[in-house]
Amino acid sequence: MSTTGATADPLAALGSLPGVAESVESVRKAVDRVYGHRIMRRRSNAITSEAALRGARGSAALSGADWALEEVRRRTDFSGDAEARVLGAALRLTAEAGQLLSIWRQSPLRVLARLHLVAAAGREDAVGRPRQAGEPVDEPLIERGLPGAAEVSGRLEGLAELIIAGSSAPALVTAAVVHGELLALRPFVSHNGLVARAAERIVLVGSGLDPKSVCPAEVGHAELGRAAYLAALDGYVSGTPDGMAAWINHCAKAVELGARESTAVCEALQRGAA
């Protein structure tokens, strides 16, 4: 995303794109339904924990490790094969994201570096920093042209400036831009998809839209499918108004589906308590 232009608040300007205002309102209603559920008043911690597990499973599925929820719940060792390591990384990121909320607005690049460090778990030399010129990127499920290291550095700085400066844009818009920009740039040598979705979660929670982290967008992204995810990302990368709107509206649908998932969990717990 370009950070230059006529407006001093480019994120806010995205709120006027086709369908975005309607998506923002629809997401707010979906989130309010979860928070208004009677089970949330008594067992919000349980809903948060379940949302974290389901969100991590969804994020891992988009990175090639599509495991059944019960298998993720049952497993205790994620150090085995490549898929298990992806799931382990997703679970670690979900847990870590909640610890970084207070740092995000002051130092988003520090948070992104920390997320990559946690995801990679020290398995690579180039952990916790943007990739340098000539370094390969292990992100096989995103088959797009790779921006050069200099472009990555400049755009990351621009993104950080937007976050630090603050915006009147709805949280959904900011979260979608952070997510899309990280997917487009793939700034690290690995785990970029997992990091991008964890950063989206941080924005949604830290903004106050979903303060208890019970509306896992990762669930929705996985449910919508990788093909739709990548098609929407193409729209973001195009930079056109319609393309950007398509990506933001796609992210909105993902949050709505995450909220629906947690509403179903609330209903199940309520039936069990009846």
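1. Nonpolar core. The largest core holds 81 residues, and L14, W104, L112, L115, V178 and W247 touch the most other members. Such a core is a set of buried Ala, Val, Leu, Ile, Met, Phe, Trp, Tyr and Cys residues joined through side-chain atoms within 4.5 Å. Buried means under 20% relative accessible area (1.4 Å probe, protein chains only). Beyond four places in sequence, L115 touches L93, L100, V195, A198, A199 and I202; contact means heavy atoms within 4.5 Å.

2. Basis and confidence. This is a predicted model: local features need pLDDT of at least 70, side-chain atom pairs count only at pLDDT 80 or more, and totals for chains, interfaces and linings use all residues. Residues are numbered from 1 along each chain as its sequence is written, and side-chain values use heavy atoms, with hydrogens and water left out. Mean pLDDT (the predictor's confidence in each residue, from 0 to 100) is 93 for the chain, and 96% of residues reach 70 or more. Residues 2–6 stay under 50, with three contacts beyond four places in sequence.

3. Helices here are DSSP runs (H or I, at least four residues), numbered from the N terminus. R186 sits in the loop between α9 (171–185) and α10 (192–206). Its phi is positive, about 45°, although R186 is not a glycine. R186 is buried, at 2% relative accessible area. H191 lies in the loop between α9 and α10. Phi of H191 is also positive, near 60°, in a residue other than glycine. H191 counts as buried at 19% relative accessibility.

Terms used. Buried means under 20% relative accessible area, exposed over 50%, partly exposed in between (1.4 Å probe, protein chains only). Helices (H or I, at least four residues) and strands (E, at least two) are DSSP runs, numbered from the N terminus.
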